Amino acid sequence: MSSAITYPFLQQQDYPMIIDGNSVQSDETIETRNPATGELLGRAYLAGVKEIDMAVTSAHNGLGRWTALKPAERELAMLRFADIVEEHLEELAVIDTLDNGAPLAGSRNGVRRAIAHLRYYAGWTTKLTGDTIPSSIDGGDSFSYTVRKPLGVVAAITPWNSPVINMMLKVTTALAAGCSVVVKPSELTPLSALRLAQLALDAGIPAGVLNVVPGVGRTAGQALAEHPGIAKVSFTGSTAVGRAIIESSQHNLAHLTLELGGKSPDIVFGDVNIDEVVPMAAWAAFRNSGQVCVSGSRLLVHSSIYRKFLDRLTDFTQRIVVGNGLDAGTELGPLISTTQADRVEGYINSGVNEGASLITGGQRICDAARPTGQFIAPTIFADVTPDMKIVAEEIFGPVVTVTPFDTIDEAVQMANATPYGLAAGIWTRDLTTAHLTSNAIDAGMVWVNGYSLYDPALPFGGHKLSGYGAKSGREAVEECTQIKTVVMKLPKS
Ligand code: NAD
């Protein structure tokens, strides 16, 4: 580890789980390494069936402690949690960059979003209401109303690509609804989740409300998803694992929020300022080395500007600085693992073999400064067809395809020609074009003249194979509650 990094949390060799406010060890550990250098960061204790059971029991205890607080007290606790996370913003960003390789600026942004979510959802603790409903039962008078109750224990199962924000999207909405949480972070990036659980305790969130149990998906993840003590699984990850979670829920009938894969279109019309849009379209595709669920990986560009746009995009892409996320000036970091780099390289080879034109990139970068073999140059393909794997499948790497179109109908047809429906971008100065296109695109989030624009108040969730349920906005809190209806017969006077 760099000698400049002196956070006590990062000086540990072994990272215990956090269950009921206690540090818990198990018989098994997993190494976590910096994908930029290969350096060992430490070993996280892995949860097995026994530790998952302990964590769910702890969360039930935590649920009692959390709901015993008045809504305004829970609001204050979440606001204190936000303040403490803000005090540790740099530390949390460094932890994520060391653990998953993302450039520090991106990791900081993830922590800032987590803080904004904590503050926004703290407000919801005092604003969840039911209805009073006119009813005529047995022809007599009655007073009927609904109340929103916390669902119970929420299992949060998260991927490795943006660990802090992926976890906190789930934690903040669950806490606002009065639920307690068991977080199972990705086995590849367990560290920031453990640190956040410590900070929650420091903020006065009662023990057991936020438990963190790193573990392997097929053992700990599955044991958590099918545990009879959980009320909901909030899952972010691949569509394949999303299907496995649906199967697990057949046992416990847990509510599900599934945030799954994507293959998002980014549509550029002919009336844009090319110099302004090229960098934003490039970052929509390449940010975090393309390991972003909403990555704008299918660029559709109007034929009137296609050639010029592709040339400028190529020039911009070739100047992107790929390196260690901790180094000032790095714009793209490594991929999370050798397996993921092999997978992305496989897609690039398939693109070449299937006849696409490789415009730039395509190669692995490996040298003294980038020694792990996990760096891949940002890659552009042109002359692609819809049946090619690089167009049809989610790559989750720094690879974009660029395709010309002539009409709005053609752009929309290509944009929707995917089993996914997570996000889409539209770039135009024409209001009619913007409305017609955004209305016709089948995706959970459509950005016009921007990309990856988030606010905790805005609902966001996938369509089609990108999943269901909201991960933000009022809807996300309400999905962590259940309605109880009370019917009160009134005596005849
Ligand atoms: P993954 O599906 O392999 O793993 C995600 C999590 O599920 C991990 O914690 C893993 O341990 C766990 N898991 C694996 N098998 C399990 C099982 N059988 N039961 C329960 N849990 C299990 O995904 P990944 O490789 O970590 O992340 C990449 C994927 O995540 C991509 O497909 C990407 O699109 C998706 N993603 C989606 C969003 C979104 O908001 N829609 C956001 C980020 C990432």
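1. Let me start with Thr 158: one of its backbone N or O atoms lies 2.7 Å from an oxygen atom of the ligand. Please keep in mind that this is a predicted model.

2. Glu 187 also deserves a look, with a polar side-chain atom 2.6 Å from a ligand oxygen atom.

3. How much of the ligand does the protein bury? On its own, the ligand exposes 850 Å², and 89% of that is buried by the protein. The space that the ligand takes up is the largest pocket.

4. Which elements give two or more residues to the shell around the ligand? They are helix H7 (217-225), strand E11 (232-236) and helix H8 (239-252).

5. On the domain level, domain 1 (8-260 + 467-484) and domain 2 (265-455) each supply at least three residues to the shell around the ligand.

6. There are 27 residues around the ligand, and those that come nearest are Lys 184, Glu 187, Ser 238, Glu 394 and Lys 471. By residue class, the shell holds 12 nonpolar, 10 polar and five charged residues. Glu 187, one of the nearest residues, is the one already noted for its side-chain atom at 2.6 Å from a ligand oxygen.

Methods: Residues numbered from 1 in each chain as written. Predicted model: local features only at pLDDT ≥ 70, side-chain atom pairs only at ≥ 80, totals over all residues. Heavy atoms only, no water. Near = heavy atom within 4 Å. Polar contact = N/O pair within 3.5 Å; in protein donor to acceptor, adjacent residues only side chain to side chain. Areas by Shrake-Rupley, 256 points an atom, 1.4 Å probe, with all protein chains shown as cover. 1 Å grid on protein atoms, 1.4 Å probe; cavity = no way out; pocket = protein on both sides within 12 Å on 5 of 7 lines; lining within 4 Å. Sits in = over half its atoms within 2 Å of the grid points. Helix = DSSP H or I, 4+ residues; strand = E, 2+ residues; numbered from the N terminus. Nonpolar A, V, L, I, M, F, W, Y, C, P; charged D, E, K, R; others polar. Domains from an automatic or database assignment.
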